[in-house]
Structure formats: structure tokens, C-alpha cells
Amino acid sequence: MNQLDNNVWVFVEQRGGMPSDVSLELLSKGRKLADAMNGSLISVVIGSGVKNISAESFRYGADESFLVDHPQLKNYATLAYARILNALVDQHKPRVVLFGASVIGRDLAPRVASHSRSGLTADCTDLQVSNVSYLGKEFKDLLLQIRPAFGGNIIATIITPDTRTQMATVREGVMEMHPSPTPRAAKIIEIPFIPDEVDGLVTLVEQHREERKVNLKGAAIIVAGGYGLRTKESFKLIHELAHAIGGEVAGSRAAVDAGFIPHERQVGQTGVTVRPKLYFAIGISGAIQHRAGMQEAKKIIAINTDPDAPIFEISHYSIIGDARDVIPRFIEAYKSKLK
Amino acid sequence: MHNSIVLVKQVPDTSNISGQVMKEDGTVNRSKLPAIFNFEDKVALEFALQIKDQSGGKVTVLTMGPPRASDVLRECLYMGADEAYLITDRKFAGADTLATSYVLSEAIKKIGSYDFIFAGRQAIDGDTAQVGPQTAEKLNIPQVTYAERILEIKDRSVRVRRKIDGGYEILDCVLPVLMTVIKDAGEPRPFSAKRVMAFKGAKSLLELEKMAEGNSLLYIDKLVFEYTSRSLFIPTLTADDLNIDAARCGVKGSPTKVYSVESVVLTGNDPVQIENSKAGMNSLIDKLMEDRILG
């Protein structure tokens, strides 16, 4: 492999020997980026007994896979994983490295970016490849790292023109996962792991994880409430509506911050990205961070007292009114239709 | 006894940002926004103060920012920090997380020995959560991000519980360590009235220089001496005070550049207005059922 190929790497996160969804989503996106810059897509798999994950990455478009498989690597550990990635990045100097913006990715990516002094952009909502003219200089095939910034009226495109390696993290659900129509012939490159005493500075005592109970990503109907509901008491109406029409309950960041709803149900840039058939945005003004997580819903119903709320500009159906008034009326009408 | 360094940041209150506060280059004109203490950094300070309460040691706070960032340093002193440093220089302006972590790590090296470095998980103006891990990497020490609780501190190690996706894990970590804490991890203590009285007059070098300006009776050296002897001096570190490579600071040392900024123009969907009435709801539900969106 030519060291200065325009290769795109995806760090494939695994838990208990299973690849995480966000990694498969990133491989799907990475395939397109690699094609756009005439490079190869390479998955980087670290774990114990995870050769099958390398193999699976080819189904999502990887041309090659770096596999570092060792019993000591069973669970994610910052120091060992970062050491492995640093050595690989130093040696191969990839053009792009993508990480999921999960707890693991957000722990690992900055450490790796710091080592190679690469640019790193967190929580991108889109990635593109383009030639760029910046400060009078021309750059070929740069990665455009696109994310909402500063409160929500603004979308910033970040570039890292002067560093060889461009790194970015992306939240789960932002990119679409799709198996490649033309899977490649498997080429797994096994990298030996040499334990280091530094790895022992941090040891895992115990780990508790519950399988995700909430599956917003897969829900056909989502009823989301925002700070406009004002109190936890009125937020119950969101639950009532969701219950009546068989939807999942969700919320905006403001609703999470106000304690109306747990973070795992947050829709938006720093929460989950969803694409349901029907999305209710109730008492949600529609800041771009929120819209980034739901604007691809097939039908959006917005309910808000403020006729100028930006949410009305992306909704399909708009109801100007107080949720405490609208929701019971909707439920009643719906129930009478079912009779 | 364990010494802690706490990294804090003064952040623009991003809950209310309008287009007028953006500069042409896409960065925020911070002077036009109310500035607040990044909440998770306050929780980080609380972690350090609790360690001090239990077993002694010193709590030193660092912030990198413009001169007015000394406001948050005074707040740290009100909460109980022993010493607070302002790291400020025009050369540091416009830094991304990589350049910021470089300067912070050099300042930490200068300040000296520590067992813990605490920081908030992320600052609300960027939500990147990168400065903590990048600083740890530069100092070549372990990191524990998303820390929720310190379970036990031994002489040379700490047992800590951290959040992970879908649960938590418990780690044993050899000191020194850099820990980033999440907002639910603790409740920052209120300011102590006694300490507010004691430290409200604390001043950074820049603030003293301002006082001395235009007053021929005040000499800056004398002021610094006076304030230092009354423990009211907020030490200031500039690029000259740190062993620093100017090419790695500020805009120059930041690999990420804002290429373009777009005010978001909404696509102008033409939404169907539904009247907030029984008839309106009926027609909406009919449409949804027709489109097989509702069953």
C-alpha cells in the first residue's frame, strides 16, 4: 500500500465481540468518501476473538481490515487502544480517520488526534469530500466536516487543510447504514499486539451494561416534547399521546436538561438521529441541533404556541396552540376514529 | 494528601446566540455574549475540593482565556481553591482543542507536581470533550473520561466509577491521572461568604496593570507585591512565561479551520396549517390514516 494514498479509516468499535451500529454506519459513509478521493476504505478492528468483525466490515464496503486481536484487548482500554492506533497512524498516515461519537470514540479519538497532531472535529452531522480554496491556496480532496455550532443558527464547515490526517467523530444514527452492493474480497492484515506495562496503569474492575431498552432509531412513530411543556407534569401529555398512538417518547436537549426525560431519549445532534414515519415536535422551537436529528422524518407535526418557531418551517403539519390543549383534543379525536 | 489541578473555562452562554455575535471568520465574538462558568468544570472543582476536605492537599485552578476569564477564577477562590492561574496571551487566541491542550499541558508542567487533574467533560460552547484527553496525552498520563464518582483513593491509586454507553464501569487507576467529570457527578458547593469577602478583591496581573495605568502613584511591581502578600494576586502566565513553541499555539497551532459558516436557511416547506379545534384534529387524523402513517 502506498503510504500516501488517500485512504479512509474507520475505527470499528466493538462490545462483547459485536460491532457497534455507528461503526457500520461510518463504514457505509466511509465507502463513499474513499471513492470520492480515490482511496481505499480500511476498517481498524481491535479486540479479542474479533476476526468476524473484520470480515463483516467488508460487507459494508471496506477494502482491507487491520485486525489487532489479543485476549488483553477484550474490553476497551484507553491506553492500549490509543497506543495501537497511534502506531498505525504514524506508520500509514491515513488521509481520514473516523470514529463513532460514543463514549469510547470520544475517549479515544482526541487522544489519537493529539498524538499525531491531527485536526479532529466532534459530532459531525455531514461529511463530504471537495476541492477547497482557502486563504489563497488550493487543496485537493479535503474532508469537509460539517456540524451545527454555537447555539443553533449556524452550520459550520470545518477543514483541516494543513495536516495529513483529518479526523472526525459522528454520532450514531447520523449516517445511514447500508451493506455495500459490491462487497470486496476479504483482505485482513493482522497486526501483532505487544503488551506494554503502561497498559497496566488502568485496570477494569467491573462493568455493568444493560442492553439498550429504548430504540428510538427503529421507532415508526416518535412523540417528542421540548422545554415548551414547561413542567414535568405537562410533559406527561407527551407520554399519553405516545401511548395512545403507539409511539416512542423523545425530547429535545432542553427537555433533557430540564429533567423531563432521560438523555437516552434525546433527539438531535448530541442525542439520537431518527428517521421515523411520523414525528411530533411539541413545544420544541426547532434549533438546528434538534432538526439535525429529526428532519428526515417522513411526516412532521409541529405543535407550538409561537407561530414564528423555526420548527414550523420544516414541519408538514402545523398546529399553533398550547400542547396542554392540543394533545387531549388530538387523543380524543383519534380514539373516536378507532371506534 | 493529594494535590489537584482543575481546568476550568469561561464560556459564552450559548443558550442565547444570535447571528449578530458571529464574526466574519465564523468564530464567536465572545465579548458580545454573557460569559458564564462552564458548569461541568464547577463539578470538577467540587471533586478536587472534596479530596482536599478529606485528606488535605492543594487545589490549583487553571484557565486559559481572555483577561476577563479571571472572573471564573475568583469564583473558584470563593468555592475554596487555594490558587488560581490565568493563562492568557494574544498568541493563544483562536485556539482549537489541540492548541488549547498544548498550552494547558505546558502550564501544568510549569506549575508542577499533582496527583489529579480534573476538568469538566466538555464545555458548552463547543461540546467537543476533546481538551481533557488531549491534555492527558500531552502529559503522557492516563485519563478517565465521563467520571461519575470517586469510590476510593489510596496513596498512589484511585478507584473511580465512570459512565459508559448503556451503563457504567469501575476502574482502578494509578496516579497521576486526568479525569473529566459529567454534570450529574456532583453538586458544586455554593460560594463561602467568608471567602467572597476575602477574595473579591483578587486581581490578575492584567487587572493590576489597568489599575496602574494613568495613575502615576501606582507602580505595577509594588501592586503585584502588595496583592501577593495579601494572597490576592491571580498569577498570570503568558507565552513568555511558558516554555512554548509559538507555532503550536492559537490560530497558528490549530489544525482545524472554520472554512465556512452558513446561517441556516430553512427549506421553506409549505406546511399545512391545522386549526386547533375538533374539526382540525379530525382532518389531520384522516390525512394521516389515508397516508397509512397512523393505523
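Which residue in β10(B) does B:Val144 stand opposite? Keep that in mind as we look around.

Before you click, note that this is a predicted model, where local features need pLDDT of at least 70, side-chain atom pairs count only at pLDDT 80 or more, and totals for chains, interfaces and linings use all residues. Residues are numbered from 1 along each chain as its sequence is written, while chains are lettered from A and ligands numbered from 1 in the order in which they are written.

Start by selecting chain A. You will find 8 helices and 18 strands there (DSSP runs, numbered from the N terminus: H or I of at least four residues for helices, E of at least two for strands). Its C-alpha atoms fill a box of roughly 65 × 55 × 40 Å along the principal axes. Of the 339 residues in chain A, 56% are buried (20 or more other C-beta atoms within 10 Å of the residue's own, with C-beta atoms placed from the backbone).

Next, select the open sheet of 10 strands, which has mixed pairing and runs in the order β13(A)-β9(B)-β8(B)-β7(B)-β10(B)-β6(B)-β1(B)-β4(B)-β5(B)-β13(B); strands pair if DSSP finds at least two bridges between them. At its edges stand β13 (202-209) of chain A and β13 (236-237) of chain B, each with a single partner strand, so one side of each has no neighbour in the sheet.

Now zoom in on β7 (residues 143-153) and β10 (residues 177-181) of chain B, parallel strands joined by 3 bridges. Here is our opening pair: B:Val144 stands opposite B:Met179.

Definitions and conventions. Buried ≥ 20, exposed ≤ 12 C-beta atoms within 10 Å, placed from the backbone.
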